[in-house]
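Here is a short tour of a protein with its ligand. Have the viewer open as you read.

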Amino acid sequence: MTLELETISDHTVLGLSDNDLLEMYRRMVLARKLDERTWALNRQGRVGFVVSVSGHEGTQVGAAYALDPEKDWSLPYYRDVAFNIGLGVSVEDIFLGVFAKKSDPASGGRQMPGHWSEPDLNIFTHSSAIATQYPHAAGIAYELKRGGSDGIVLVSGGEGSTSEGDWHEAMNFAGIHDLPVIFLIQNNMYAISVPESDQIAGQIANRANGYGIEGVVVDGNDLLTVYGATAAAIGKARAGEGPTLIEAKTYRYYAHTSDDDDKLYRTREEVEQWRRKDPIPAFRRYLVEHRLLDTAAEEAIDQESASTIAAAAERAEGAADPDDALSRVYAAPITPVEPVETIEREPIGEEVNLITAINKSLHHVMGLYEDTVTFGEDVADPKGGVFKATAGLTDAFGAARSFNTPVSEALIIGLGIGMAATGTKAIIEIQFADFIHPGFDQLVSEAARIHYRSNGRWECPIVVRVPYGGGIHGALYHSQSIEALYAHIPGLKVVVPSTPSDAKGLLLSAVEDPDPVMYLEPKKLYRLATGPLPSGDHRVPLGKAALRRDGADLTIIAYGSMAHFSIEAADRLAEEGIQVSVLDLRSLKPLDWPSINAAVERTSKVLIVYEDNEFLGYGAEISAQIMEKSFDWLDAPVQRYASPDVPTFPYAPALEQQVIPNVEGIIERARGLAAY
Ligand SMILES: Cc1ncc(C[n+]2csc(CCOP(=O)(O)OP(=O)(O)O)c2C)c(N)n1
């Protein structure tokens with residue numbers, strides 16, 4: 001149900017003391033003066049970029065005042081200057097961000113100003129991508145609820161953000177699970193230049209109804225009303241009664257940012273009209289009427305704010321500039337040093353196929369670490385995943401640790417990111433690689449960048465399991481190879497097991513790693529690849545290739561199902577007297593360069609086999625590195641055998657066979673290379 005909340009005209013009903021009111025007023029004044037100072041610095045050319053808060057102070061100070069940063073979490077958006085002041089972020093820390101200084105606690109100068117983050121106050125880092133914060137909020141709220149905390153989450157954004165899928169997916173999930181989360185939408189009627197009429201059909205708060213959530217509309221310029229609505233929503237969430245959507249109607253007085261010219265899309269009359277509803281004079285009048293503020297007290301607050309700002313800006317401007325753009329890409333950087341030059345011995349263990357190994361390894365790792373959860377589409381029992389990878393996990397560990405999600409890939413990955421912020425390790429399942437694309441933004445713009453963009457203050461340890469690849473007649477949408485897209489991204493690690501023992505070893509290492517790891521499962525091998533599954537805590541280090549065959553004539557570099565086929569090809573070539581090494585990469589990022597280099601030095605000829613499209617595929621990178629770094633050892637050009645430039649893979653068996661690399665093709669190319 002949507003409620004239009006009445007303006008609150010008496011603070012005593014809210015349980016606020018006189019001091020509370022004065023403190024709220026002080027925070028609004030501080031935020032306004034900080035904004036004005038930042039604009040002035042921008043015009044003087046001393047700071048690069050301003051995201052203005054002026055006009056939103058009533059909403060932001062009111063909402064923040066209702067939170068308890070000791071146990072509550074906040075996910076602000078870029079305009080939330082006053083909200084952050086309200087949470088306890090110091091003016092100096094804000095200026096360190098504005099001046100992009102090394103000691104900027106939010107990002108060390110790596111992000112634009114206004115990209116808030118403060119682990120000590122439970123303020124989670126955010127990006128510039130509109131609406132990506134909502135699934136994170138849902139993930140944090142899920143963990144607070146699962147852990148039995150009475151902490152709640154407040155996530156904030158503009159009205160434009162409610163047009164993004166991430167917002168709807170998070171609202172839906174919050175509604176399904178009755179999560180303790182408040183969606184605060186600051187509706188200032190413009191998303192840059194786009195007016196509300198081009199953005200939203202109907203009313204934002206009404207959208208809550210569709211998700212089983214209560215929606216309320218408040219006058220965002222009325223501090224007490226916003227405080228009252230937020231406090232009520234928080235009380236409800238703490239009592240386990242679920243989420244609330246608060247739509248606060250407000251206005252920004254300046255352009256969207258210092259790069260915008262609002263005269264193009266708003267009249268000065270309109271701005272003036274809204275300035276007459278300015279939350280600061282309105283609240284000042286309230287305080288004066290209630291004899292809480294006189295001229296002397298007002299001037300004292302003005303002066304105190306001005307001097308706080310002047311001193312903070314001066315100190316921040318004089319602080320050291322950042323000088324290190326290269327560190328903290330990974331929480332645990334891995335640089336392989338020792339090459340593998342001997343065939344990896346098969347471990348001892350029960351003989352299983354790849355999918356059974358993955359299933360048993362998930363059971364093992366979730367038993368080992370209580371802070372793990374797994375979720376995705378169809379993951380929960382009784383189905384246990386469309387490939388049965390997660391079968392039995394709900395029964396073994398409970399519905400809170402192994403659960404189904406809606407069909408919402410951005411949400412699925414975003415939930416994991418939010419959970420990671422609370423210290424929980426999500427082992428996410430994406431049903432098919434072909435359907436990960438809606439989650440691309442969450443992986444690339446969020447998970448991969450969280451450590452870097454927070455200058456190392458947050459980690460994002462998630463494992464994203466993804467069945468990928470062809471050879472199973474899955475056609476165009478159940479066959480894709482996605483490794484090159486993700487291995488390209490700094491901050492992500494990408495692994496591909498091709499044997500049951502590696503499936504376990506890489507899973508355990510991925511779960512124990514503090515960075516986001518994409519764990520690609522070659523689904524062609526689910527039943528085809530069999531081998532021993534070691535018992536106990538078997539680990540395969542990330543960034544270490546395996547030599548599967550040793551031969552002096554040439555090396556095939558492959559991974560996933562193509563490693564499997566390359567071994568078969570090598571066995572057959574041996575019968576013809578051609579001795580082939582097969583290097584199974586296992587880790588695509590980090591890449592085991594020393595082992596590749598050693599293989600080049602041993603055999604001087606290299607064929608790279610991968611089933612993705614050849615053009616700009618993963619093999620192109622290996623080939624380029626060999627040419628650049630090991631050219632002198634080569635006796636022949638490095639060759640690639642991969643899929644041609646067509647969408648992978650057409651359905652009819654005859655069509656798929658025409659495109660996907662196969663054993664005969666490997667043999668043919670290896671023969672040619674050996675004879676070169
Ligand atoms: C996903 C995405 N698309 C586009 C942009 C560019 N952009 C930055 S701010 C903005 C408008 C956002 O408006 P709104 O959510 O209403 O917040 P406001 O700035 O008005 O407070 C756009 C389109 C972006 N940052 N992210």
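## Around the ligand

Which residue has an N or O atom in its side chain 3.1 Å from an oxygen atom of the ligand? That residue is Glu159. Such a pair is a polar contact, meaning N or O atoms within 3.5 Å of each other. Backbone atoms take part too: a polar backbone atom of Ser128 sits 2.7 Å from a nitrogen atom of the ligand, and one of Tyr190 is 2.8 Å from a ligand oxygen atom. On its own the ligand has 580 Å² of accessible area, and the protein covers 72% of that (Shrake-Rupley method, 1.4 Å probe).

The ligand is surrounded by 16 residues, each with a heavy atom within 4 Å of it. Tyr77, Tyr78 and Arg79 are among the closest.

## The whole chain

The C-alpha trace of the protein chain spans about 100 × 55 × 45 Å along its principal axes. Of its 676 residues, 61% count as buried, that is, under 20% relative accessible area with a 1.4 Å probe, protein chains only.

An automatic or database assignment gives domain 1 (2-202 + 222-315) and domain 2 (546-674). Their C-alpha centres lie 54 Å apart.

## About the model

This is a predicted model: local features need pLDDT of at least 70 and side-chain atom pairs 80 or more, while totals for chains, interfaces and linings use all residues. Residues are numbered from 1 along each chain as its sequence is written, and side-chain values use heavy atoms, leaving out hydrogens and water.

Methods: Polar contact = N/O pair within 3.5 Å; in protein donor to acceptor, adjacent residues only side chain to side chain. Buried < 20%, exposed > 50% of the residue type's maximum accessible area, 1.4 Å probe, protein only.
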